[in-house]
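Dear colleague,

I am passing on the structure below, together with some notes on what turned up in it. Please keep it open while you read, and look up each residue as it is named.

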Amino acid sequence: MAIKSFFFEKGPQAVILMHAYSSTPNDVRMLGRALEKENYTVYAPLFKGHGTMEPEDILEASTKDWIEDAKKAIHFLQEKGYEEIAVFGLSLGGIIATKMIVDKEPVLAGGTFCSPVIDFHKGNNVREEFLTFVRILKKKAGYSETDIANRMPEVERKLDNQLNEISELTQSMKAHYNEVAQPIFIAQAGQDEMIDPQVAIAFKEALTQASVVDFHLYENSKHAVTVGVDRKALQEDVSNFLKQLDWNGG
């Protein structure tokens, strides 16, 4: 069954939540529900290529597609009459959320959860994890070991191209982090098996002009911090961050 975006329509202040690289809006759904309870309207778009049973579909999309998906999400909320929007993302979603801030899209604040927004290739296990993910899904779909082995070189080639594209995107953004003025929330898992936690610290230090940098380290969490052991603490911290924002509605 294909997984879709979700939209929880509640109060006048809107939050966009963007999901991780080999994932879907399901990994931000619990956070979305928690914010909905706090009277925020929450929208989690599905990135192009995601939410299907074919992992290769992800490799057919590009960073340009995902940036476009995020811009469409902002536009979707504006069309619905929401003028004040904060944008957050887990891992890849955090890169795209940060790109919205860097590109001066009409968002009030932003945030990253375990997101490799600096030195993308340094100390991350995204490649290995994705290849494992492909093998598992192919096996579930009934492919033989030989079939899977025959498909993997092409998967690896496309994956390497895509990861290089993501790396180039973060490199191009890095030069602008010292121009970011909006409040930024940064969450990092201490036990992150995918991303070097030092990346989050480097990001915090690069945000020299941001009006607020709200940094949280969740010592016991793994990469998917939004669904992990510290998810309740994260929900509370995001809620507190949003409450401090200078929403026009007061």
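**The largest pocket**

The largest share of the lining of the largest pocket, five residues, comes from α5, where helices (H or I, at least four residues) and strands (E, at least two) are DSSP runs numbered from the N terminus. Please bear in mind that this is a predicted model, in which local features need pLDDT of at least 70 and side-chain atom pairs count only at pLDDT 80 or more, while totals for chains, interfaces and linings use all residues. Residues are numbered from 1 along each chain as its sequence is written, and side-chain values use heavy atoms, with hydrogens and water left out.

On a 1 Å grid over the protein atoms alone, a pocket is an open set of points with protein on both sides within 12 Å along at least five of seven lines, a cavity is a set of points where a 1.4 Å probe fits but cannot get out, and lining residues have an atom within 4 Å of a point. The largest pocket holds about 570 Å³ of space, a volume being the space filled by probe spheres set on the points, which are joined across faces, edges and corners. Its lining has 33 residues, of which Y21, S22, S23, T24 and F133 lie nearest the centre, and the elements that give two or more residues to it are α4 (92-102) and α5 (126-140). By class, this lining has 19 nonpolar, ten polar and four charged residues, where Ala, Val, Leu, Ile, Met, Phe, Trp, Tyr, Cys and Pro count as nonpolar, Asp, Glu, Lys and Arg as charged, and the others, Gly among them, as polar.

**The largest cavity**

The structure holds one cavity of 30 Å³ or more, and the largest cavity has a volume of about 50 Å³. It is lined by A97, T98, I101, G110, G111, T112, I184 and F203, with α4 and β5 (109-113) as the elements that give two or more residues. This lining divides into four nonpolar, four polar and no charged residues.

Leaving aside its neighbours within four places in sequence, T63 is in contact (heavy atoms within 4.5 Å) with E165, I166 and L169.

With best wishes
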